[in-house]
Amino acid sequence: MMDHASQWNTRFATDDYVFGKAPNVFLTQQAHRLPAGAKILSVADGEGRNGVWLAGQGYNVTAIDIAEAGLLKARKLAQECNVHIDLQRVDLDSWVWPTADFDAVVAIFIQFADPEFRARIFAGMQQATKPGGLILLQGYRPEQIAYGTGGPPTPENLYTETLLREAFSGWTIEHLASHDSVIEEGAGHSGLSALIDLVARKPI
C-alpha cells in the first residue's frame, strides 16, 4: 500500500495546481475573525493556496505538509505572489505538535485521516492553539460521496455536525454550518459539494 507521502507526491507531480491557486472561499469569508498580524498554522496545506493567501493578508504563516512536491509548488506560488511563508515538511502521524503557539489553526479538507488519526490531529490542533485562539476548519459531509466532486470515498473520514461538536466540546462554537455549495478549486474539487464549516474558539 502506498504511504501518504508517496500518494500525495504522485498527485502533486504535475505543473497544474490540483486544487487551484485561489484560496478556499470559506477561509476568505472567515478571515475577518483573525487578529491583525496573527500567527497562523495551516495544516496539510498542499500546494500552498491557503497559506500563501493568508501570508498575502499580512499574517505570519507556517504551512505544513507531508508532500515535498506540494511544498515545492507552494514555494513557487509564494514567490509569484511575493510573500514570505514558513514551509515545513511534516508527517502528522509522528509530528510533535507545539503547545499554545498559534493564534489560529486552519485545516481545509484534511480528510485523508481515518477516525483514529483524525482524533490525534484534532487534539494536536487544539494543543497548538493559544488560549482564546481560533480553529477554522472546512470539510466534506458523508453526503459528498454521492456527489463525487472531491474528497475521499470513505464515509468514516467525513464530518458531521455531531462529530465536530463532540471533537470541540469545551470550545466556543462561533460558526458551524452544513451546506451544499458549488466549489471550483482546480480539478481536485469541482462541482456541487456537501460541505461543513467550523469556527471554534479555545477557552481562555
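Visitor: Which side chain makes a polar contact with the side chain of Q138?

Guide: The partner is the side chain of N24, at 2.8 Å. A polar contact is a pair of N or O atoms within 3.5 Å; within protein, one must be able to donate a hydrogen and the other to accept it, and residues adjacent in sequence count only if both atoms are side-chain atoms. This is a predicted model, in which local features need pLDDT of at least 70 and side-chain atom pairs count only at pLDDT 80 or more, while totals for chains, interfaces and linings use all residues. Residues are numbered from 1 along each chain as its sequence is written, and side-chain values use heavy atoms, with hydrogens and water left out.

Visitor: Where is Q138 placed?

Guide: Q138 belongs to strand β5, residues 129-140. Strands (E, at least two residues) are DSSP runs, numbered from the N terminus.

Visitor: Is Q138 buried or exposed?

Guide: Q138 counts as buried because its relative accessibility is 3%. Buried means under 20% relative accessible area, with a 1.4 Å probe and protein chains only.

Visitor: And what is Q138 in contact with?

Guide: Beyond its neighbours within four places in sequence, the contacts of Q138 (heavy atoms within 4.5 Å) include N24, F26, F109, Y159 and H179. I108 and L195 are also among them.

Visitor: New topic: how does the lining of the largest pocket divide by class?

Guide: The lining has 19 nonpolar, 10 polar and 8 charged residues. A pocket is an open set of points on a 1 Å grid where a 1.4 Å probe fits, with protein on both sides within 12 Å along at least five of seven lines; lining residues have an atom within 4 Å of a point. Asp, Glu, Lys and Arg count as charged; Ala, Val, Leu, Ile, Met, Phe, Trp, Tyr, Cys and Pro as nonpolar; the others as polar.

Methods
Helices (H or I, at least four residues) and strands (E, at least two) are DSSP runs, numbered from the N terminus. Buried means under 20% relative accessible area, exposed over 50%, partly exposed in between (1.4 Å probe, protein chains only).
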